[in-house]
Amino acid sequence: MLIPARMSEAEEKRWVTVMLDKLAAQESRSVLGDRELTERALHLSDQYYGGRARPGSVRWVTNQNTRWGSCTPSEGSIRLSHRLQGMPEYVVDYVLLHELAHLLVPGHGPGFWRLLEAYPRTERARGYLEGVVAADRLPHLQDAREE
Ligand SMILES: [Zn+2]
């Protein structure tokens, strides 16, 4: 574990306790496995894109901290950031639909967003994710959340 320098022993103990509680909270959260994630993506594709987007694989990755999702159309593979785990289902669905749309349309032109209009919670999910990014950039907000 990485412990910030200049902590007293008591502070250090408190900090370790908080971190362990956080890890325990993360573990008890139920999260879709990679197989369920792929099934979810196929279901969403059927529901919103008439089944036209057919991903070969959909999986969680932990090395993606600046993007919520990414895809490689030539391989039909989609990767979602583990940071989405524990976020509302409609947000995860939006990111899946976003990446599924890229299997059909590259880039973010009007054709791309027209596909996403089929999903009624696109705007709401985008707002949620923008809020998360904004909160991450404001250190004082982050401190408030830790309390
Ligand atoms: Zn995109």
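What you're looking at is a predicted model, so local features need pLDDT of at least 70 and side-chain atom pairs count only at pLDDT 80 or more, while totals for chains, interfaces and linings use all residues. Residues are numbered from 1 along each chain as its sequence is written, and side-chain values use heavy atoms, with hydrogens and water left out.

**Figure 1**
Reading from the N terminus, the order of elements is α-α-β-β-β-α-α-α-α. Of the 147 residues in the protein chain, 33% are buried (under 20% relative accessible area; exposed is over 50%, partly exposed in between; 1.4 Å probe, protein chains only). Take the contacts (heavy atoms within 4.5 Å) with a separation of 6 or more: 45% of them come from residues 24 or more positions apart.

**Figure 2. Three strands make an open, mixed sheet.**
The strand order is β1-β3-β2, with β1 (57–61) and β2 (69–72) as the edge strands, each pairing on one side only. From one strand to the next the twist averages 20 degrees (axes are lines fitted to C-alpha atoms, for helices over the stretch in contact; angles run from 0 to 180 degrees between N-to-C directions). Helix α2 (residues 34–49) packs on this sheet and touches β1 and β3. The direction of α2 makes about 130 degrees with that of β1.

**Figure 3. Strand β3 has neighbours running both ways.**
β1 and β3 (residues 77–81) run parallel and are joined by five bridges. Val 58 sits opposite Ile 78 of β3, and Arg 59 has Arg 79 as its bridge partner in that strand. β2 and β3 run antiparallel, with four bridges between them; Gly 69 partners Leu 80 of β3. β2 and β3 also form a hairpin with four residues between them, and Gly 76 in the turn has a positive phi of about 65 degrees.
How many residues of β3 are buried? Five of the five are, so the strand is largely enclosed by the rest of the structure. Ser 77, Arg 79 and Ser 81 point one way from β3, and Ile 78 and Leu 80 point the other way.

**Figure 4. Three histidines coordinate the zinc ion.**
His 98, His 102 and His 108 each use NE2, at 2.0 Å (donors are N, O and S atoms within 2.8 Å of the metal, or 3.2 Å for Na, K and Ca; water is not among the atoms, so sites may look incomplete). The spacing of the donor residues in sequence is H-x3-H-x5-H. His 98 and His 102 are four residues apart in helix α3 (residues 89–104), so about one helical turn separates them. Both His 98 and His 102 are buried.

**Figure 5. Asp 93 is a buried residue of helix α3.**
The relative accessible area of Asp 93 is 7%. Leaving aside residues up to four places away in sequence, Asp 93 touches Arg 40, Leu 44 and Tyr 119.

**Figure 6. Arg 114 sits exposed in helix α4.**
Buried or exposed, where does Arg 114 fall? With a relative accessible area of 56%, Arg 114 is exposed. Helix α4 covers residues 110–116. Arg 114 and Ala 101 are 13 residues apart along the chain, and their C-alpha atoms are separated by 9.8 Å.

**Figure 7. Helix α5 has a buried side and exposed residues on the face turned away from it.**
This helix has 16 residues (122–137) and reaches 23 Å from its first C-alpha to its last, close to the 22 Å expected at 1.5 Å a residue (the expected span is 1.5 Å times one less than the number of residues). Thr 122, Ala 125, Leu 129, Val 132 and Ala 135 are the buried residues of α5. Down the axis of α5 the buried residues fall within an arc of 165 degrees, so they line one face of the helix (the arc is that of the directions from the helix axis to the C-beta atoms). On the face turned away from that buried side are the exposed residues Glu 123, Glu 130 and Arg 137.

Methods:
Helix = DSSP H or I, 4+ residues; strand = E, 2+ residues; numbered from the N terminus. Pairing = 2+ DSSP bridges.
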